[in-house]
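I opened the notebook to look up charge pairs, a strand pairing and a surface patch. The entries follow in the order I made them.

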Amino acid sequence: MDPLNTTQPGMPESETAAEARRLLDEWAAQPVRQHPTSYRDDTAPPAFGTTPPVPQPDHRIVPAWAAGIAVASIGAGAGITGIGCGAWLVLQGLASVTLAGALMVTLPFAGLAMAATALGGAISKARAAVTKHVYEGPVTHHTEIHNNSTTRGAFFARTRNEIH
């Protein structure tokens, strides 16, 4: 339904326009409501009053778990700082490494690895000579299979095989 082109009987256009104008004027005549968003009291506070000041003790109680977490975090921070300083010292030492120095440090490890390899090879050859098995005579293999097969059902058949 198109509200601009209506064929239903109603008020004439002049009356409709007059009613619309009256409703708009009535709405516009209402005062605008202002809602304050903040308030500032500019009156000066009195220098002294009739009531004496009330002591407000500050006894903050920290739970044991919170104190434990605080101590642990301080300890972890100190430990990480120590590890970082140690890593810095090690890396500073590695930065001044030369090829000759690296070879001299790894030479004992290479010697131990070579000796362990030679010893392992000798043990392997000594054990291989002793463990040789020689079988003499005929070898027979006897296998006997008994198969019992039963089938049940027609459409969804189930076959059961029992092998002994």
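I began with Glu-26, which forms a salt bridge with Arg-22; their closest N and O atoms are 3.1 Å apart. I note that the model is a predicted one. Glu-26 and Arg-22 lie four residues apart in helix α1, so about one helical turn separates them. Glu-26 is partly exposed, because its relative accessibility is 45%.

Next I followed Arg-22 to its other partner. Its side chain also meets that of Glu-19 in a salt bridge, at 2.5 Å from N to O. I read 41% relative accessible area for Arg-22, which is partly exposed. Glu-19 is partly exposed too, at 30%.

I then searched the whole structure and found four salt bridges. One of them joins Asp-42 to Arg-40, with the closest N and O atoms 3.2 Å apart. Asp-42 is exposed at 65% relative accessibility. Arg-40 is exposed at 70%. Through shared partners, salt bridges link Glu-19, Arg-22 and Glu-26 into one network.

I turned to the strands. How do β1 and β2 run? They are antiparallel: six bridges join β1 (residues 147-152) to β2 (residues 158-163). Thr-151 stands opposite Thr-159 in β2. The hairpin has five residues between its strands, and Gly-153 there takes a positive phi near 90°.

Last, I checked the surface. Val-90, Leu-91, Leu-94 and Val-97 make a nonpolar patch of about 380 Å². Val-97 sits in the loop between α2 (64-95) and α3 (99-130). Val-97 counts as partly exposed, at 46% relative accessibility.

Methods
Residues are numbered from 1 along each chain as its sequence is written. This is a predicted model: local features need pLDDT of at least 70, side-chain atom pairs count only at pLDDT 80 or more; totals for chains, interfaces and linings use all residues. Side-chain values use heavy atoms; hydrogens and water are left out. Patches are made of residues with over 30% relative accessible area and no salt bridge: like charges are joined within 9 Å, nonpolar side chains (Val, Leu, Ile, Met, Phe, Trp, Tyr) within 5 Å. Accessible areas come from the Shrake-Rupley method with a 1.4 Å probe; for residues, only the protein chains shown count as cover. Helices (H or I, at least four residues) and strands (E, at least two) are DSSP runs, numbered from the N terminus. Buried means under 20% relative accessible area, exposed over 50%, partly exposed in between (1.4 Å probe, protein chains only). Two strands pair if DSSP finds at least two bridges between them.
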